[in-house]
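Here is my note on the model you sent. The points are numbered so that you can check each against the coordinates.

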Amino acid sequence: MQWKTHGERQIYTNQWVNLCLVDVQQPDGRRWEHHVVRLRHLAVAAVVNEQREILMMWRHRFITDSWAWELPMGLIEPGETPEQAASREVLEETGWRPGPLKPLIYAEPANGITDSQHHVFRADSATYVGPPTEKNESDRIEWVPLAEARAMIDRREVVSSGSLVGLLYVLMDEAAR
């Protein structure tokens, strides 16, 4: 059953988010305006080293007033590929330059309300370049043993969708090896 779109109007817009009302018609004929949040797309990097550790950041998110571990991630800039954005974000946020990145998984974390796309990549090496240039991203940057990842998720120490998708996919990859 496919919904039909008859038009869209922006209610609010800035460089980060666009809030729109979309005139939709459901298969049963009901027609109404659905709120849609249009966001810039996100690149995420799961960087794993030879010791089977993953590069993570301990950070606070003011919106939910919570602390959690996250993978390096950020918005894809205009003219930038998702892979370039993932590499740039790792370097800026952690001070580590990732080795070759390969696509890991693609996700749309809340596609009933937003068009946000998450492009998740994996690198199996990284070189330390120096302190992160993004000073406001995290309190700690650590290589976390993959063996501890499941327990961290169970304790809700990893909660962001981009981090969960990337971390769980890496764990599946590791189990298949």
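1. UniProt positions are given in the numbering used here, feature names are shortened, and annotations may be inferred rather than shown by experiment. UniProt places the feature "domain: Nudix hydrolase" at residues 39–172, in an unreviewed entry. The end C-alpha atoms of residues 39–172 lie 28 Å apart. Helices (H or I, at least four residues) and strands (E, at least two) are DSSP runs, numbered from the N terminus.

2. Ground rules. This is a predicted model, with local features needing pLDDT of at least 70, side-chain atom pairs counting only at pLDDT 80 or more, and totals for chains, interfaces and linings using all residues. Residues are numbered from 1 along each chain as its sequence is written, and side-chain values use heavy atoms, with hydrogens and water left out.

3. Domains. The chain is divided into domain 1 (4–38) and domain 2 (42–176); these bounds come from an automatic or database domain assignment. Six residues from domain 1 and five residues from domain 2 make the contact (heavy atoms within 4.5 Å). The C-alpha centres of the two domains lie 30 Å apart.

4. The sheet 1-2-3. Three strands form an open sheet in that order, with antiparallel pairing. Two strands pair if DSSP finds at least two bridges between them. Strand 1 (4–13) and strand 3 (31–39) are the edge strands, each pairing on one side only. The twist averages 25° from one strand to the next. Axes here are lines fitted to C-alpha atoms, for helices over the stretch in contact, and angles run from 0 to 180 degrees between N-to-C directions. Nine bridges link strand 2 (residues 17–25) to strand 3 in the antiparallel sense. Leu 21 stands opposite His 35 of strand 3.

5. The sheet 6-5-12. This is an open sheet of three strands, again with antiparallel pairing. Strand 6 (66–70) and strand 12 (140–145) stand at the edges with a single partner strand each, so one side of each has no neighbour in the sheet. Neighbouring strands are turned by 30° against each other on average, direction ignored. Strand 5 (residues 53–61) and strand 12 run antiparallel, joined by six bridges. Leu 55 has Trp 143 of strand 12 as its bridge partner. Helix 1 (residues 82–94) lies across strand 5 and strand 12, at about 70° to strand 5.

6. Buried means under 20% relative accessible area, exposed over 50%, partly exposed in between (1.4 Å probe, protein chains only). Leu 42, Val 44 and Ala 46 are buried on one side, and Ala 43, Ala 45 and Val 47 on the other. Strand 4 pairs with strand 7 (residues 73–75) in the antiparallel sense over three bridges; Ala 43 is partnered there by Gly 74. With strand 10 (residues 118–123), strand 4 pairs in the parallel sense over six bridges. Ala 46 stands opposite Arg 122 in strand 10.

7. Is Ser 163 buried or exposed? Ser 163 is buried, with a relative accessible area of 0%. This residue lies in helix 3 (residues 161–176). The Ser 163 side chain reaches the backbone nitrogen of Leu 71 at 2.9 Å. Leaving aside residues up to four places away in sequence, Ser 163 touches Trp 69, Glu 70, Leu 71, Met 73 and Val 158.

Note on methods: Polar contact = N/O pair within 3.5 Å; in protein donor to acceptor, adjacent residues only side chain to side chain.
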